[in-house]
Amino acid sequence: MFYSSLLLPEFDHVTGNEHISYSVITSASVTGNPIAYASNNFFLYTGYSPKEVYGNDCNFLQGPDTSPEDVLTIIRGLKSQRSFQSTILNYKRDGTPFWCQLQITPLKVHNGRTLRFSAFQTPLCEIHDGAMKPVMPLFKEPLQAI
Ligand SMILES: Cc1cc2nc3c(=O)[nH]c(=O)nc-3n(C[C@H](O)[C@H](O)[C@H](O)COP(=O)(O)O)c2cc1C
């Protein structure tokens, strides 16, 4: 699945939509690769609470229409021990499906062992009644320039 094939031509993806992004860090050395950190936007966007998130594998975000092939791409990416990018169908806590772009990076220690994975996730669009809709910004006011 290519990211570009998910972009909706009617939206200006460079300047128009403020994408929401969130990040997680998982413990690669622990069975199940549990989430050890999730940014505030993770909870705000997905609707899950810290109790439901911490200690779990990120795969709870997947659902009935998530493609097993896309999951396989992630598994291969994690095995490669290198940074990779992928796109997958995920679900919010209320069941809303959304396409999410993942950027996953292994965090290695001096002996080359991967201790943790970090991920930067960007929801691209949501599916409502079978139609793709842009992801609405969490905050209405634009951030002030520093
Ligand atoms: C740091 C990190 C972040 C991840 N984020 C997501 C995510 O946002 N959505 C998702 O569907 N899978 C995500 N995954 C992938 C799943 O956690 C899991 O590795 C994948 O589904 C394959 O394992 P499984 O076959 O046990 O489900 C992430 C994995 C890692 C290591």
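**Starting from D70**

Reply: Happy to! D70 has its place in helix 3. Bear in mind that this is a predicted model.

Me: Is D70 buried, exposed or partly exposed, and why?

Reply: D70 counts as partly exposed because 15 other C-beta atoms lie within 10 Å. A buried residue would need 20 or more, and an exposed one 12 or fewer.

Me: What separates D70 from I88?

Reply: Their C-alpha atoms are separated by 6.0 Å, while D70 and I88 are 18 residues apart along the chain.

Me: OK, let's zoom out. How many helices and strands are there?

Reply: The protein chain has three helices and six strands. Read from the N terminus, the order is β-β-α-α-α-β-β-β-β.

Me: Nice. Which strands pair with strand 5?

Reply: Strand 1 pairs with strand 5 in the antiparallel sense, over six bridges. Strand 4 and strand 5 are also antiparallel, with eleven bridges. Strand 6 is joined to strand 5 by four bridges, again antiparallel.

Me: Which residues stand opposite each other in those pairs?

Reply: I25 is opposite S118 in strand 5, and K108 is opposite T114 in strand 5. H128, in turn, faces A131 in strand 6.

Me: And what about the turns in the hairpins?

Reply: Strand 4 and strand 5 form a hairpin with five residues between them, and G112 in that turn has a positive phi of about 90°.

Me: Switching topic: what's in the largest nonpolar core?

Reply: That core has 17 residues, and the ones with the most contacts inside it are V24, A38, F42, C100, L102 and A119. Elements giving two or more residues to this core include strand 1 (22-27), strand 2 (35-38) and helix 1 (40-46). Strand 4 gives the most, with five residues.

Me: You mentioned A38. Which residues is A38 in contact with?

Reply: Leaving aside neighbours within four places in sequence, A38 is in contact with Y22, V24, F43 and V53.

Me: How much of the chain is buried overall?

Reply: Of the 146 residues in the protein chain, 16% count as buried.

Me: Now the ligand. Which residues come nearest?

Reply: There are 20 residues around the ligand, and C58, N59, L61, F117 and A119 come nearest. A119 is also one of the residues with the most contacts inside the largest nonpolar core.

Me: Where does the rest of that shell come from?

Reply: Strand 1, helix 3 (68-80), strand 3, strand 4 and strand 5 each supply at least two residues. Helix 3 has the largest share, at four residues. By class, the shell has 13 nonpolar, six polar and one charged residues.

Terms used
Residues are numbered from 1 along each chain as its sequence is written. This is a predicted model: local features need pLDDT of at least 70, side-chain atom pairs count only at pLDDT 80 or more; totals for chains, interfaces and linings use all residues. A nonpolar core is a set of buried Ala, Val, Leu, Ile, Met, Phe, Trp, Tyr and Cys residues joined through C-beta atoms within 7 Å. Two residues are in contact if their C-beta atoms, placed from the backbone, lie within 7 Å. A residue is near a molecule or strand if its C-beta atom, placed from the backbone, lies within 6 Å of it. Ala, Val, Leu, Ile, Met, Phe, Trp, Tyr, Cys and Pro count as nonpolar, Asp, Glu, Lys and Arg as charged, and the others, Gly among them, as polar. Two strands pair if DSSP finds at least two bridges between them.
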